[in-house]
Amino acid sequence: MIDYQDVSAAIQRERGDAVVVTAMTQGQFWKEASDRPELDIPTNNSMGKVSSIGFGIALGAPGRKVIALDGDGSLIMNLGSLISIGGKAPKNFYHVLYDNGMYAITGGQPIAGAGNIDWTGLAMASGYRAAYSFEDTEEMATEMPRILSEPGPVLIHVKVKPVITTNLGVIQTWESNAVMPAQMRSVKAALA
Amino acid sequence: MTTGGLTASAMVEHIAAQGVTHIVTLPDSETNFMYDSMTESGMEVVQISREGEAIAIAAGLWIANQKPAIMIQNSGLFESGDALRGLGIGIDLPLVMFIGYRGYTRHGDTPDSAAQFLEPFLHTWGTPYWIVEKDDELDRIGLAFKKAEETSKPVAVLIGAEYVSV
């Protein structure tokens, strides 16, 4: 399994001027790694919707890479988004799925179907152009530059080491809620 | 194509005239008559799998400096409640939501709970709305877009065409 920080570092090295939309725990680690915070949007306030927000940005700004940092607990709330994204197949959309198999910010309860979900199979069957799965840090870090230079939509499934917390979910949501509208307008201005 | 008193081409022309770039939609019984006109209008139709995606995708399109509208059924609006809260009202998103008013009857007596709860739902969220039933009411679409821009909030246009079997 891979540390959250290592996924953030691998993406950060290749992000360029990509818009990065984040959710939940991976967003907490991403903000420590990002060197373009004006292009980042945390969306904890709307759990499950990060894939759809990123999809909308990718459709509307086809010349700009969009990277959505999703979680398995979030994506199963909005699983149909895979099919909607696959239907339009935006070439500039990169969907990174952090799989810890649980709701880590509520104490580590398992998600429905934990361990049984074929994430890359779901993405490919939904119309994604490619899907990759990583459990090894070195392999993930080596492959990330190539994957993020390919046309999308791509799902990058990463099996991560859980970071279990308790009662931080609401605090993170409030933090996200406080900055999300301004961050959206920051990105809007950058894309104008 | 016409349903009740609404003509698809006239309705779509009124929407396109507002500068709408994308229609995020899941076809329903009240708005399906417009589908072909929308696909031929120059606006990009974005099909979704479930209505809860619509406001989130529209928010993304707005961030990308596009002008989206959404078109879903009232039952799907209920499913979209958290997105309306967090991504519509929560980020001050100027968005016009075209809502198929399933179960609508002008006299107000309907057995369909999707209709019974729609207007109370919108009142609860503080979301202004207009009902359109006939082509000569389509100027209300312009009023809705104006209100969304002035308030920077979601507003609704309810498609009140009663279902007519063909």
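The model is predicted: local features need pLDDT of at least 70, side-chain atom pairs count only at pLDDT 80 or more, and totals for chains, interfaces and linings use all residues. Residues are numbered from 1 along each chain as its sequence is written, and chains are lettered from A and ligands numbered from 1 in the order in which they are written. Helices (H or I, at least four residues) and strands (E, at least two) are DSSP runs, numbered from the N terminus.

**Sheet of chain A**

- Six strands of chain A form an open sheet with parallel pairing, in the order β2-β1-β3-β4-β8-β7; two strands pair if DSSP finds at least two bridges between them.
- β2 (40-42) and β7 (130-134) of chain A are at the edges with a single partner strand each, so one side of each has no neighbour in the sheet.
- From one strand to the next, the twist averages 15°.
- β1 (residues 19-22) and β3 (residues 66-71) of chain A pair in the parallel sense over four bridges, and A:Thr22 stands opposite A:Leu69 in β3(A).
- Helix α8 (residues 169-191) of chain A lies across β1 and β2 of chain A and runs at about 150° to β2(A). Axes are lines fitted to C-alpha atoms, for helices over the stretch in contact, and angles run from 0 to 180 degrees between N-to-C directions.

**Helix packing in chain A**

- The axes of α1 (residues 4-14) and α7 (residues 137-147) of chain A come within 9 Å and cross at roughly 15°. That makes α1(A) roughly parallel to α7(A), a term for angles under 35 degrees.
- A:Asp6, A:Val7, A:Ala10, A:Ile11 and A:Glu14 in α1(A) meet A:Thr137, A:Met140, A:Ala141, A:Met144 and A:Pro145 in α7(A). Two residues are in contact if their C-beta atoms, placed from the backbone, lie within 7 Å.
- α3 (residues 50-60) and α5 (residues 80-88) of chain A pack at an angle of about 15°, with axes 10 Å apart, and their crossing is left-handed.
- In α5(A), the buried residues (20 or more other C-beta atoms within 10 Å of their own, placed from the backbone) are A:Ser81, A:Leu82, A:Ser84, A:Ile85 and A:Gly86. Their cover includes α3, β4 (93-99) and α6 (119-126) of chain A, together with β4 and α3 of chain B.
- Just after α5(A), A:Ala89 takes a positive phi of about 50°.

**Sheet of chain B**

- Six strands of chain B form an open sheet with parallel pairing, in the order β4-β3-β5-β6-β8-β7. The edge strands β4 and β7 (129-132) of chain B each pair on one side only.
- β7(B) pairs in the parallel sense with β8 (residues 154-159) of chain B over four bridges, and B:Trp130 stands opposite B:Val157 in β8(B).
- Helix α7 (residues 139-151) of chain B packs on the sheet, touching β6 (95-100), β7 and β8 of chain B, and its direction makes about 165° with that of β8(B).

**Contact between the chains**

- 24 residues of chain B are in contact with 26 residues of chain A.
- On the chain B side, β4 (44-47), α3 (52-63) and α5 (81-89) each give two or more residues; the largest share, nine residues, comes from α3(B).

Key:
Angles under 35 degrees count as roughly parallel, over 145 as roughly antiparallel, 65 to 115 as roughly perpendicular and the rest as oblique. A crossing is left-handed if the near helix is turned anticlockwise from the far one by less than a right angle, and right-handed if clockwise. A residue is buried if 20 or more other C-beta atoms lie within 10 Å of its own, exposed if 12 or fewer, and partly exposed in between; C-beta atoms are placed from the backbone.
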